[in-house]
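Please look over the sequence and the model shown here. A short report comes after them.

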Amino acid sequence: MIKLSDKTIAAIEENATRYPDRNSVLMFGLWKAQEELGHLSPEAIEAVAEAVRVPRAKAQGVATYHSLYWKKPVGENVIMLCTNVACTLMGAETILEHIENRLGIKEGHTTPDGKFTLQEVECIGSCGYGPAMVINETFYFDLTINKIDDILAKL
Amino acid sequence: MKTINVVINGIPVQLERPMNIVEAAKRVGIHVPHFCYHKELTIYAGCRICMVEVKGKPRPVAGCSTIMSDGMEVFTESEKVIAARKGVLELQLLHHPLDCPVCDKGGECALQDYAFKYGAAQTRFIENKRLIPVNYNNPLLERNMERCVSCKRCVRICAEIQGDWVLSDMNRGSRVTMESFCGDESECVHCGHCLSNCPVGAIQSRLYKHVGRPWYVDTEAETICPYCADGCTMTLQTREDKVLRVVSDETYSKGANRGSLCVRGRFGYDFPNSNERLTTPLVKKDGYFVESNWDEAVAHVAKRLSEIKSAAGPDAIGAVIGGRNTNEEAYLLQKFMRTAVGTNNIDNMARMGHINALNALEAAFGVAGSTNQIKDIAQAKAVLLIGNDAATENPITGLAIKKAVLKGGAKLIVADAGRNMMTKHSSQRLTYRAGSEGELVMGLINAVFATNMHDADLEAKNTSVFDKVRAKAGKYTPAYVSEKTGIPAEDIKRAATVFANAKPATIVFGKGITATADGFGKSLALADLAFITGNVGKPGGGINPMASKAGEQGACDVGALPDRLPGYRKVSSAEDRKRLGGLWKSELPENPGMTVGEMVEAAGAGKLQAMYVVGANLAYELPDTKNTVEYLKKLKFLVVHDIFMSETAQLADVVFPAATFAEKSGTFTNSERRVQRIAPAMKLQGGARPDGEIIAAVSAKMGRPMDWEPAVVMEKISVSTPIYAGITYDTLAGGGVQWPYYEEMKSGTAVLHAEGVTGRADNTDAGVGEGAALAGKVFPFVADITVSLYHSGTTTRRTRGPNMVVGKALAGMNPSDASGLGIADGDTVVVRSSTGELRLPASIDKAVPSGVVHIPAHFADVCAGTITGLVLDPAGKTPVARYWPVAVTKA
Amino acid sequence: MSGLEKFIKTIFFWEILKGMKLTFKTMFDKPVTRLYPKEKPVVPPVSRGLHALRRHPNGKEMCIACGLCAAYCPTRCINIRTSENPDHSKAIDVYEIEILKCLFCGYCVEACPVRALTMTQEYELASYTRESLLYTKAMLLANGDRYVGKETHFD
């Protein structure tokens, strides 16, 4: 059984007062737990459910619904590359292939050193600046192969 | 309120309140297809098949989430609508495995029906079917998520009606599955709500799997569940005289249970099919049972009883009727004993506790029955649940309490000495020391008076009663009660405040009160608490005692009691004896007879020479098994009716094979006074006969012929039993009635004393006794002997379903107690008391309070009676055996 | 009619000859009936004779015990009992056709979703006992085996 840190619990409690229904703080709680623990293991979900006081099945339902909650351990940097229509038209597929070759992993996997996880995602709302991607919480757009190399080298 | 005029498919409809299109269409017999919508659940509007066209709206709208407004014109089968539905079905069928021929839902599946009606046979999509392995995590249910239409009705019913929230929708899109947390089904109570509510074949019963198809059903009988006293309406389906399955009302509106069932009712149905059933009358010769025939066995019984009667007098014969016999059978047995034998030695198994509650309510308000009805509890604003685990002992009452909490926002106060599964819904949990129930109740009364929260208007009218209660509760100050019960004084005050300030507030109590010492006085104190807070006679208020078996309330009502005639008329009243004697053409005995416990003791002392036991397993159900068996062996003659070779039947001289509830007619009266009919769903199995027929045959041989056909008996009951006046099988048609029945209104009485109560009916002065601590130095633990959700005794031992979930007895222990004794989960422990010992595996359960060992009361190999002694409470003569001091050691 | 004419017709049994005319005429024609059971008729392949349960080429029974044949049967002469195999598949414990009740309408064959049930040219079903006319699964499978490779009703 994982115990959430006091800080996370305090944050959940503080945010809970913002909603008319305490259940609403569940997503925030999951997010905080993911920040703290890296990913949401079943034990972590259970701990969040207990803190938010919702049934644990419901918490798992919410966690598995949203793709940005990591249910499996991820690397230090999570590369989320959009491969929807607009980005693909602008060459997202080549970029994906490039990243795969550069990191030596397939989409959905993590490098053996635990530094990168590569993930295809649905539209991230920048069809005008495609191809686009998000690494951790930083947004990158108008990607080219050179740009990718720069970005990955810096990380 | 203004009526709403709408037009549905050209038919004008008047609605007296706003409602959605699906419900409005139902009014005029139009079915709007739907998967996710259910009247009793919140609206989800996710399946999109209930699309209807509304005049003036550009697009079809969802029928379930659109509330009708005045002047609305709706078309449910227009071209546009049909096209929309076809589209939805095409998408639904995209991932459906189309395995209807082997799906057990085939023939009663909503998806099948709609696809047949609207379905596009050709799909325009080229996509692989999803492959999701069938989920067998649950011992009683299988979940085949390939067939799921993602309506989430299972998730919602589990959360909203059952209140457990075991299931949730995991993942999304086409990968969505309805699952428990990580596949852990430990929270599931196997009520089967999800099963009954699944519109397709995604959730299936593993007991019914591949066994039947809807068109195999030969007989379908609406009947009453024989297990607990909630009296649930259910439908038995049989094929070739075997129970195929139990189905419940899918609209969740019928009966006292409103369609809900628990695991015992829904999955504990196959004992009538058991091959262990008795098939012929057995007569013991030289210590061995010999198969006999009916005429011989009946003649033998009549002869032996007559011999004993003439040799030792009628009072040397006693009779007991079990908790699962119908009212008619209880009536026949008491009539047989009072006329053919001529003694009042007749008792029923409500003596194990419930009788104390009935006596107390009669003493308090003049009527020996629950003041309200089960579904009323849902209207309460506060519920005091004391000495009863409604979630396991009376699961349907538990659902009403959960509804009050989940839908009505009621405050639930759970007071119990042991484990109580309702705790997770409670706003306050009071864990008292076993034996100090009375002090707690008195403490609550004291706290109510101390802060003047009692009903002042009522006090003005009933000054003397209030003064008496006030005086009695005087010494139970919070400090004193806290010392006795181990509950902090603050908590007692808080509970009293919550209970007294909520209007209406109700009390639900059970064997944790009634089967303890001074159960009568404690029940009376609870009645006083309900009275002084002004809750009696109000819907959602009142006081609800919970009987533990289906027939207990009814057996008491029709006079299977040693001191009461039918309708609770006193045996000592010459007038009532004369009236009944006139009806039965007999002189009735005037001395009150013996209770069950007294009969067994008298058998041991040699005063009682013969016993006639119908459907009661005395050698198992009574405390102090060892001595009970010894005493029963001393009887010169013991007759037992049973469906199985029970522990008591093994001691008998003659055993008659009895019919189960699935094979006979009759009525049960549930804890809310509702008299309901059971109907036979199959032919008598083997050579079994209904108990009533056997009693009548013996009676006829002893010179007193009786009619035994249940409908005729009920007519006689309605004449001889004042509280059942006017109740016949005709008036019971359509859901039963709660006695007393009023001919002029054609209805029973849902809430007693609605016109107001005037003081105590009886001037009894019973106190709650001294709650001496049970646990001591030698026996530091208290055994809490109670039923588990999955079992209830001899019958459930022969059912497949409940045994698949819980197959053996486990001693529930608090983790701190267990670690103190070095006991780990699954270790065998020895539970020892002054009378005997039990060896059983421990189960570490943090719901069990410290100092308590939870012992189930219904497994053949682990008989809880071994560790208890036969102590009769002086007031009600009930065996005091709910809590017993024990010592626990690791084996 | 004159008396003489009547007399001649009477002595030469005219009425009888007239009646026997067809008899004499067909006496030397080819017979249209058959000397059954010495001569057996040739039954067309689509005739509705005794039922048969078919097997897959690998020998596995085709019947999935859906019960639709029993549901469709107007005389309710098909009795199926099923249970669950340890591997959760459906086991057929009993498949019986009470041929005495059967009226050979063929609805059962029509209902079969997997074409496991067919009808064969077997029509000689008379027997001395009722028991032998209760066709069990084994008997129906054996009948099916006789028709492997032959044209039957629904091939």
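The report below takes the chains, their contacts, the cores and some backbone details in turn.

## Ground rules

This is a predicted model: local features need pLDDT of at least 70, side-chain atom pairs count only at pLDDT 80 or more, and totals for chains, interfaces and linings use all residues. Residues are numbered from 1 along each chain as its sequence is written, while chains are lettered from A and ligands numbered from 1 in the order in which they are written.

## Chain C

Chain C has five helices and five strands. Helices (H or I, at least four residues) and strands (E, at least two) are DSSP runs, numbered from the N terminus. Read from the N terminus, the order of elements is α-α-β-α-β-β-α-β-β-α. The domain assignment, which is automatic or from a database, gives chain C domain 1 (1–32) and domain 2 (51–146).

The C-alpha atoms of chain C fill a box of roughly 95 × 30 × 30 Å along the principal axes. The radius of gyration of chain C is 26 Å, whereas a compact globule of 155 residues would have one near 15 Å. That radius is taken over C-alpha atoms, and the globule rule is 2.2 Å times the number of residues to the power 0.38. Buried residues make up 21% of the 155 residues in chain C. A residue is buried if 20 or more other C-beta atoms lie within 10 Å of its own, exposed if 12 or fewer, and partly exposed in between; C-beta atoms are placed from the backbone.

Chain A is divided into domain 1 (6–65) and domain 2 (77–154). The centres of these two domains, over C-alpha atoms, are 29 Å apart.

Where does chain A touch chain B? The largest share of the chain A side, seven residues, comes from helix α4 (residues 56–65) of chain A. The contact takes nine residues from chain A and eleven residues from chain B. Two residues are in contact if their C-beta atoms, placed from the backbone, lie within 7 Å. Chain B also meets chain C: ten residues of chain B are in contact with eleven residues of chain C.

## The cores

The largest nonpolar core has 278 residues; B:L333, B:V383, B:L385, B:I401, B:L444, B:M611 and B:A783 touch the most other members. Helix α17 (residues 519–532) of chain B gives the most to this core, with nine residues. A nonpolar core is a set of buried Ala, Val, Leu, Ile, Met, Phe, Trp, Tyr and Cys residues joined through C-beta atoms within 7 Å.

Helix α8 (residues 327–341) of chain B has 15 residues. Because 15 of the 15 residues of α8(B) are buried, the helix is largely enclosed by the rest of the structure. B:G342 follows α8(B), with a positive phi near 90°.

## Backbone details in chain B

A cis peptide bond joins B:K503 and B:P504, with omega about -5°. B:P504 sits in the loop between α15 (489–501) and β20 (505–509) of chain B. The bond from B:W739 to B:P740 is cis too, with omega near -5°.

B:D518 is a residue other than glycine with a positive phi, near 55°. B:D518 lies in the loop between α16 (511–514) and α17 of chain B. It counts as buried because it has 25 C-beta neighbours inside 10 Å.

Methods:
The expected span of a helix is 1.5 Å times one less than its number of residues.
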